[in-house]
Amino acid sequence: MKEEKAVVYVVDDDPSVRRALERLLRSAGYNILTFTGASEFLDFNCPDTPGCLILDIKMPKLSGLELQDRLSEKGVFFPIIFMTAFDKPQWQERAKKMGAVAYLRKPFKGQALLDAIDQSVANTATTSPKI
Amino acid sequence: MMFVVRENRWKSFCFYMFFIGLIVYGPIVGIARSQTQVQNPLETKNVLILNGAEPNTPAFESLNQELLAVLQSGGIGIRNQFFEYLGLTRNPSPESRKLRMQLVSRRYSEHKMDLIITLYPNSLKFLLDMDQSFFPAAPVMALIIPQGYKLPETDRRIIPHVVVPDLNRTLEIGLKLVPKAERIYVVNGVDPMDRWVERLARKDFKKWEDRLDFYHLSDLPLEKILATVSAAPANSIVYLTTFSKDVTGKYMRTVEVSEELAEVSKAPVFGFLGTVIGHGNVGGSLISFKHIGTKAGELALDILRGAQNTENIPEVLNVPQVDIFDWRQLKHWNLSESDLPRGSVIVNREFSPWNLRYYIIGVLVFIMAQLLLIIGLLAQKRRTRLAEEALRQHRKELAYVTRIATMGELTTSLAHEINQPLTAIRSNAGAALRFLSQPEPDIREVRQILEDIVRDDRRASNVIQNIRAMVKKEKRNKELLDLNKVIRGVVDLIRDDSLLKGLSIALELNRGLKMIHGDPIQLQQVILNLILNSAVAMRNTPRDQRKIIVRTAMADDRIVNVSVTDFGTGIDENNIERLFEAFYTTKSEGLGMGLSISKTIVHAHGGDIKASNNREGGATFVITLPANQGDAS
């Protein structure tokens, strides 16, 4: 089961957070790739494997929400888990509208993230990702 | 407008000068007086004063006292004044007189007299009867020569003081004070001088006789006189002229008679001789012996000073009578002060609060004026202080509001900045627990996690401290600070920070740096921000070039500069303006708040912060702060 675990992409501008999430997910047996910003992820060629995207909303230059828009424009659909250190109600609304799997307010419980990932991976297992 | 202003200034100037004058003028007068006594051209001159009477004769005593004082003030010392009392009235025998002449000429044979003053005709006559060799060149001032007295023929130069009695004037004044008076009791002695005065009085009073009843009492013994006066009706005036001897041959003094009259009289007693004042007499137009003494003394000084220049010396000394009244007697007889002639001298005034009312009012006005002045000044001072207080308060509020406004912009990111490390901590902790629950936990991994947790925790608490510093409305007053000390403190604090490892901080601190007013904690924050900023900018700089230079300097007399120079990546010229905006950051980590906060703090200190790129690479941040306008630190 663990070998089949999907790739989790983490986009956060904060290195501490990236390192911590990377460790947490690794401890849970996920394959994980971290990105320092939205543009870096856009430049990255996603492999054709099931996975999910953990996006920080507030980032310099391009925000997580904007990245979601860009990805839809490109026709790339991932289950997306948003996380944010600062909450704005309209963000949550918009995230939901765009089909986000979860919206997590930092700091969140590690288990909450893992549950959200499990849920999104399960979803991708049933509905094949469109790339 | 200009005029009004100047007038006001002039007024306040006068006002102040008035007070200063009060304080300064008195002493100046005192000094001026004492200085007039310095020159003394008459100190070698001798004056002989021949009294016909005995010592302690009231009239002559007061004359002599005044004469002595005036001569002395003119420079003739007491050792140069020779008072001789001849006692001629009491010792009228020719033998006694002869002996006295010999005595006098013997007594003064070893002296040289420059002026001889005689009192009363008898002493003048005595002098003229003496040996011609007795200081024949000395001029003679003959005081108290009754009008009509024929001066004896002589070669001596005589300047007589002729007494021209005016008995009417006292009566005129008396009638004004006692308008209902119809009976005038004239009290007079029978001594030749008394008789002379009586004759004059009878002559003078003639013009009143149709209006007033005159009772001349000179032919009654004193007891009868007193009895008569004690029965005087209310519409009476008693007029005491001179009284040296009563009809029974008893020698008296006018002063004593005045006292006895006052004791029994039913009517106010007026007088003719100055000596009666203070002895139960109301007063009147009096022959003032004191006044005669003054005038005689002054003339004597003139004579002695200008003995060669005789034209300036009058042939006759005239001393007018003086209107003198005893205040207590006026009160006793209920006589109105306002009925007195202008320029009257009032003696023995008792200073009851009512009499002092004008002085008291004056003093009160003075005190009030001063009080108002003081209150005015205090009020002004208080107003100034309140204004300053208000200004300070406003400034504080302004700083606070500014900070809060800035905070508004910052809030988003502050939350962000705290939640980021907390997220990392939680995730790390979760990961660590999971790793530890594995059969063979990777202790190194767990150790790294714990180190990261500690670092993130510090990061979070730093942010909280930042917020505290920003939000806390400081009650603390700014203090005088030596920026050099502040900088050294910061550098000592962070030298061991891992961020600064492999990096040198050079301090170039100006010793002549002026102190500044500031909050030490906030300014430390600013310096720390700039140094850490520079450190981050040099992450990719080759190790041997990683160096931060902190300099202090006086930009000019009023401005203190602190600059932090690094040799890092420099600033993106396009973004140099956004540099101090909140959350502008080029770093992959951090707040983007450090410079924003720094700017807020520096502005709150009345200074500014600027950034620029160095020619040789890297950036320099310069803080300018206003220097304290005092001595160099």
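## A negative patch on chain B

Glu256(B), Glu259(B), Glu260(B) and Glu263(B) together form a negative surface patch. A patch gathers residues with over 30% relative accessible area and no salt bridge, with like charges joined within 9 Å; a salt bridge would be a side-chain nitrogen of Lys or Arg within 4 Å of a carboxyl oxygen of Asp or Glu.

One of these residues, Glu256(B), sits in helix α8 (residues 254-264) of chain B. Helices here are DSSP runs of H or I with at least four residues, and strands are runs of E with at least two. Glu256(B) counts as partly exposed because its relative accessibility is 33%; buried means under 20%, exposed over 50%, and partly exposed lies in between, with a 1.4 Å probe and protein chains only.

## About the model

This is a predicted model, in which local features need pLDDT of at least 70 and side-chain atom pairs count only at pLDDT 80 or more, while totals for chains, interfaces and linings use all residues. Residues are numbered from 1 along each chain as its sequence is written, chains are lettered from A and ligands numbered from 1 in the order in which they are written, and side-chain values use heavy atoms, without hydrogens and water.

## Backbone spots to look at

Most residues other than glycine have a negative phi, and most peptide bonds are trans. Ile144(B), not a glycine, has a positive phi of about 55°. Ile144(B) belongs to strand β4 (residues 140-146) of chain B, and counts as buried because its relative accessibility is 5%.

Asn56(B), also not a glycine, has a positive phi of about 70° and lies in the loop between β1 (47-51) and α2 (58-73) of chain B. Over in chain A, the peptide bond from Lys106(A) to Pro107(A) is cis, with omega near -5°.

Terms used. Patch = residues over 30% accessible without salt bridge, like charges linked within 9 Å, V, L, I, M, F, W, Y side chains within 5 Å. Areas by Shrake-Rupley, 256 points an atom, 1.4 Å probe, with all protein chains shown as cover. Lys, Arg positive; Asp, Glu negative; His and termini not counted. Charge placed at Lys NZ, Arg CZ, Asp CG, Glu CD.
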